[in-house]
Amino acid sequence: QIKAAAGFHYPTRMIIIRLTDQSLFVWSPIELTSELREAVNDIGEVRYLIAPNSLHHTYLQDWHHAYPLAKIYAAPDLLAKRKDIRFDGVLADTPNPEWAEQIDQVVMEGNAITKEVVFYHAKSRTVIFTDLLQQMPPDFYRGWRKIVAKLDLMTDDQPQVPRKFRLAFTKKEPARQALKKIQSWPAERVLMAHGTPVEQN
């Protein structure tokens, strides 16, 4: 779990994609425990560490210390926030050549909270969202936080764009263009950092 403003805790998810050359694309790294490190080492070589927006970056340094040969790629608005990290590149609408044939991506521009990079893994036909789509368990929060989470659409019966992010879209046209690209992907499933995977419909 991660802790955000006002004491809100979020269950969070990391995703690892093994590319065709057996290297690992690690999306939104979580806390690197010894057990997790052992499991990761069993499936391949960590080559790419991905920070998909300016809110998911806490454990990048820990992972890079463990895997110093891995390249770190950041969402556009993270560089100014984490000047302590030497990034190898900035994520853009065009996927990096290292994974372009397997993973597509688009920057969701126009949001005042964060510029999120949404990914699409072609082989599994999976779209990957970080914070722009969420669905917490309905009883995950208690007291006033439960009320706030419901009003924010964080605990709806379907994954939703939380109200705070909806209101933060101050520039609509760039967001619409990004959404068009996302809708063009022949997706069959959706994964989120904060929510139950969508496996159908």
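These legends accompany close-up views of a predicted model.

**View 1. An open sheet of five strands.** The strand order is E3-E4-E5-E6-E7, and the pairing is mixed. Strand E3 (15-18) and strand E7 (89-90) form the edges, each pairing on one side only. Strands of a sheet pair through backbone hydrogen bonds, either parallel or antiparallel.

**View 2. Strands E3 and E4 side by side.** E3 and strand E4 (residues 23-27) run antiparallel, joined by four bridges. Ile-17 stands opposite Phe-25 in E4.

**View 3. Helix H1 across the strands.** Helix H1 (residues 34-43) lies across E3, E4 and strand E5 (45-51). Its direction is at about 20° to E3.

**View 4. The largest nonpolar core.** This core has 19 residues. Val-46, Leu-49, Leu-60, Trp-63 and Tyr-67 touch the most other members. At least two residues come from each of E4, H1, E5, helix H2 (60-66) and strand E6 (71-74). A second, separate core has 18 residues, including Ile-15, Ile-50, Tyr-73 and Ile-103.

**View 5. The surroundings of Trp-63.** Neighbours within four places in sequence are left aside here. Trp-63 is in contact with Met-14, Val-26, Pro-29, Ile-30 and Glu-31, among others. Its contacts also include Leu-32, Leu-36, Val-40, Val-46 and Leu-49.

**View 6. The second largest pocket.** Its volume is about 410 Å³. Of the 17 lining residues, Met-108, Phe-129, Val-161, Leu-179 and Ile-182 are the closest to the centre. Strand E10 (126-129) and helix H5 (172-184) each supply at least two residues of the lining. H5 gives the largest share, six residues.

Methods. Residues are numbered from 1 along each chain as its sequence is written. This is a predicted model: local features need pLDDT of at least 70, side-chain atom pairs count only at pLDDT 80 or more; totals for chains, interfaces and linings use all residues. Side-chain values use heavy atoms; hydrogens and water are left out. Two strands pair if DSSP finds at least two bridges between them. Contact means heavy atoms within 4.5 Å. Axes are lines fitted to C-alpha atoms, for helices over the stretch in contact, and angles run from 0 to 180 degrees between N-to-C directions. A nonpolar core is a set of buried Ala, Val, Leu, Ile, Met, Phe, Trp, Tyr and Cys residues joined through side-chain atoms within 4.5 Å. Buried means under 20% relative accessible area, exposed over 50%, partly exposed in between (1.4 Å probe, protein chains only). On a 1 Å grid over the protein atoms alone, a cavity is a set of points where a 1.4 Å probe fits but cannot get out, and a pocket is an open set with protein on both sides within 12 Å along at least five of seven lines; lining residues have an atom within 4 Å of a point. Grid points are joined across faces, edges and corners, and a volume is the space filled by probe spheres set on the points.
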